[in-house]
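Subject: Structure for you to look at

Hello,

Here is the structure I said I would pass on.

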Amino acid sequence: MMGTLLSMVPASLTGGTLLIIVAAFTGALATVLLFYSYLAETDEFRKPILLTSGIATVSLVIAHLYLTYQFIVGDYTNAYVYQNSADHLDLLYKITGVYANHEGSILFWATLTAIVATYTVYSSRFQGLGSRLVQSLSLGVVTTFAVMLVTQSPFTPIEVARSGVPDNYVPPDGSGLNPLLIDPWMAIHPPITFASYALLVVPFALGVTHFVALFRGQDSVFREWLPSMILWLRVSWLLLTAAILFGAIWAYGVLGWGGFWSWDPVETAVLIPWLWLTATLHAANRYSKTGEYKLFAPAAAAIIFPLIIFATTVVRSGVFRSVHSFAAGGIGAGVLFLLVVTGILAVGLPLAYWLLNGGDESSTDRDWLSHGPIFHAVVLSFAVLAFISVWGLLFPVVRSTITGVEVSVGQDHYNLWSYPVVVAMLIVGGLYALLDMRKRRLAIGATVAVTVATLIAAFIAPSGNWYLSDPAAHDPIVYRVVGNMSVLSIVPPALFFAGTWTARFVSRAKGVPSRSFQMREAGILLIHVGAAVMIIAISFIYLFAASSSVVVVGLEDVGNPDTIVEESDDGQYTVEVTGYDSDTTPGVEEAALTPEEVLTAYEDTPLVRGEVTAIDQIEGTTVAQLDGSDIWLAGSPNSVSFEEGEEVIARGTLFEFDSEADGEAEAYVYTDEENLGTVSDPPSDVHTPRVIDHQMDITVYEGDEKVTSGTIAAQDHTDNEMNTNDPLIQRGLTGDTYVVATEIDEIGAGLTITEYPLANQIWFGVIMGMVGMVLLLVGDRRRNAN
Amino acid sequence: MTPRKLLTILVLVGALGFGYYSMNAAPVMSDQDYTYQGGIEWHEDPDEALSVAEQEDKPVLVYYWTTWCTYCQDYEDDHYQNEEIQELLDEYVLLAINLDEPGDGSSLASDHDALYPPMHVIIDDNEEILGQLGGFTEEDRFKEELETGLATH
């Protein structure tokens, strides 16, 4: 009876999937109960709500831990583990393999979102009118994630996921993790990204709830929750900034071409919520202080979440590579569903309210040069920057769908449109700081002077490198005008901005005894000055990056005892190669199976290693027993010869027999001269290693001066035909010297030596901003505690 | 109207204008009739190119390319921008075939054994091969080949 019942359970229903089904079911129940409680204004379902939301969260947490456990132990019966892990990986990368693909990432995101949402259900701080709707919406998002994961589960067994795999098949090893992801920066990048995303679900729900309440003529909890929402937005900003920074550091070092930002769709997509989040923080701060933005602040908070979903669509759906893979699989369709629903709620509701009930009349400022309008210009500019990026991703899809015309979007679109906006923001931001200090005449005078200086600087280009771009004569006028501006034009606005914000800090913090206030103000200062530093560095690094290339040949002769000295093509550098080595992983000795393993490995031509324990002749064939086992090597006598007691490695064709008797051959491995060798002289050519790592020791001179020395390496990953490389980066105050070889072998290598000016100022500026945000968080927290 | 409101409206109008302008300013990669390698108009349909060649009594230059081929990029940035080469190209009917998505050009590509980009083949309107140039060549060599093609036609 039990047997028939069990056989009715489909093979795809594993324990992990069951946990997700439980989460989807209880999550849906909690969503509905919370929604009903909101409508009926009742608290009678408090207990079942606590229970269902709790179960949903715990199920997801357990599912996530269980998946992590499967990765750690290497349970390759799970297709997702099989596809994204392998035995040879370090523990850290086994754990981060969980986030290497869609299913695991969404599970992690769902789990964190569930924790955040359920926290607001349990905590006594988040009660009051409208709170049930906030919680219902948050858990609704969790439920949608869970449903997506049921249809495309990270716990799908391998025999379901791959056709032609026998039941109960256990793959001996996983198929590995993308070698580019095997990096510490990439290990922490996904968790902090998703933590940041998860924190943004409550601002979304809170914003939507606020507009639902406005439509129903009710009050909402927006005002009450505002302090905690600002806190969440700030933490989320900090995490998202860190995520982007780590991604950029990874791209700089690991991708090996020295780029940290290339306006790739994935990079652009994650910048959009960051820009919008920054705009929202400005508006929400203003709202909490002056009551302005009483419609925009909640709307902006709500819109961040759909923007994140949009970023996920770009990253995960594949629409920006091929329109056809759009809704393939449950996650593609689910993400699309979330995008449409959250987009309508977050954009549609506020827009409808604004159109029906008129605008936000809280600002009565009639003076253009006062706080309000100037601040507003900055908020709008952030939104414009976000729109430039959104549009750059969207319009090729829009245009090719409508007209069938395919267009390309280059870096010029993003750089040349964003640049004037950034320049204007720096000037207006500086003006704001001066107005804030009630120095109106100085503010106007200084702003006019800086604007004039900026315009003049735009025409000063000591060399061709200074131009922002290199537009062709047939390019549209905007690209020609902006492209022919000198990058010197960023310097006056950035210095003005940093200077005025420093002055503002001094005037505000001076004489105020409160340490927490000073801390908060210092945080604000660091964020703004850090932004100015970063903007200058980013503007200069690419325009002034200069590359030379060096070709080195005959690496196999290096070190005994010659060194190779080559000059770069432009004569700027001399490279001295003092050593060359190559390693294979695994080596043939490591890769060879023991005789016992041969019988279970299901390989047609196994590589086997063992000691010859007996030799015999059967029907003109020489055979040799390995390790006293049932596995014998075999070969033609004029091709192979064995010696008892010798340890050999051989590859050959496997023939199996049914033999019950011990010591009788159960299987022969037919080999020959080329495929056979001793352990000291193994048949290396018949083995394909997973990775071939070529390293060369080099010293780079510029003229007579030593620039850098060290090891550069390039790895061939044979199983997925990928290359990775380890550059040599000499970091310095004025910039980095970056040496990389995209391919190295015994014949030779092509090296690229690039100078990146101000590279470290980018990292420095971003870290300064992050430190500033931490100070702001801590300072404000202390102030509120007092 | 408060400054804030006016500012918002101005920015919205500006954003719409930017959207329209930037979409139309983007370089066109291909439309229904032509593809624009190196900013030059190339036919994509071999039959169309061959019939134009017959009408105008011109040879056809077939250019096999892909998006990822850096040597194709060199051709497009340098060779096709060379004025002398452009004058010669005017005497040809141009046909560009993306080897990753050859479409109607797939049978021609297999006739020409075009496996790797870049590759140039000169044919007449009967698909008779007049000249062939595989891989990358310097501008002078490319020019010579175009001249020889015109001479044999």
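In which sense do strand β7 and strand β10 of chain A pair, and over how many bridges? Strand β7 (residues 631-635) and strand β10 (residues 667-670) of chain A pair in the parallel sense, over 4 bridges. Within this pairing, A:I631 stands opposite A:A667 of β10(A). Please keep in mind throughout that this is a predicted model.

The sheet in chain A

The pair β7 and β10 belongs to an open sheet of 7 strands in chain A, with the order β9-β10-β7-β6-β5-β8-β11. The pairing in this sheet is mixed. Its edge strands are β9 (653-656) and β11 (676-678) of chain A, each of which pairs on one side only. On average, and with direction ignored, neighbouring strands of the sheet are turned by 40° against each other.

Domains

For chain A, the domain assignment gives domain 1 (544-584 + 689-761) and domain 2 (588-686). The centres of domain 1 and domain 2 of chain A, taken over C-alpha atoms, are separated by 42 Å. Chain B is assigned a domain 1 (1-27) and a domain 2 (34-152). Here the C-alpha centres of domain 1 and domain 2 of chain B lie 42 Å apart.

Strand β3 (residues 564-567) and strand β4 (residues 573-585) of chain A run antiparallel and are joined by 4 bridges. β3(A) and β4(A) form a hairpin with 5 residues between them. In the turn of that hairpin, A:G571 has a positive phi of about 75°.

β4(A) is also joined to strand β12 (residues 691-702) of chain A, by 12 bridges, and β4(A) and β12(A) run antiparallel. In this pairing A:Y580 stands opposite A:M696 of β12(A).

Two backbone details to check

Most residues other than glycine have a negative phi, and most peptide bonds are trans. There are two places in chain A to look at with that in mind. A cis peptide bond joins A:T585 and A:P586, with omega about -15°. A:P586 is placed in the loop between β4 and α21 (588-591) of chain A. The other place is A:Y293, which is not a glycine but has a positive phi of about 60°. A:Y293 is found in the loop between α12 (265-290) and α13 (296-317) of chain A.

Helix packing around α7 of chain A

Helix α7 (residues 131-151) of chain A packs against helix α10 (residues 201-215) of chain A at an angle of about 130°, and their axes are 8 Å apart. α7(A) and α10(A) are therefore oblique to each other. The crossing in which α7(A) passes α10(A) is right-handed. From α7(A), the contact is made by A:L133, A:V134, A:L137, A:S138 and A:V141. From α10(A), the residues include A:V201, A:V202, A:A205 and A:L206. By class, the contact of α7(A) with α10(A) has 10 nonpolar and 2 polar residues, and no charged residues.

α7(A) also packs against helix α6 (residues 102-122) of chain A, here at an angle of about 160° and with axes 9 Å apart. α6(A) and α7(A) are therefore roughly antiparallel to each other. Their crossing is left-handed. Among the contact residues of α6(A) are A:E103, A:I106, A:L107 and A:W109. On the side of α7(A), the contact residues include A:V134, A:S138 and A:V141, and these three residues also take part in the contact with α10(A). The residues of the contact of α6(A) with α7(A) divide into 15 nonpolar, 4 polar and 1 charged.

The contact between chain A and chain B

The contact takes 27 residues from chain A and 21 residues from chain B. On the side of chain B that touches chain A, the elements giving two or more residues are α1 (3-25) and β1 (28-30) of chain B. Which of these gives the largest share of that side? The largest share comes from α1(B), with 13 residues. By class, the side of chain B that touches chain A has 12 nonpolar, 6 polar and 3 charged residues.

Regards

Definitions and conventions:
Residues numbered from 1 in each chain as written. Chains lettered and ligands numbered in written order. Predicted model: local features only at pLDDT ≥ 70, side-chain atom pairs only at ≥ 80, totals over all residues. Axes fitted to C-alpha atoms, helices over the stretch in contact; angles between N-to-C directions. Parallel < 35°, antiparallel > 145°, perpendicular 65-115°, else oblique. Left-handed = near helix turned anticlockwise from the far one by under 90°. Contact = placed C-beta atoms within 7 Å. Nonpolar A, V, L, I, M, F, W, Y, C, P; charged D, E, K, R; others polar. Domains from an automatic or database assignment. Pairing = 2+ DSSP bridges.
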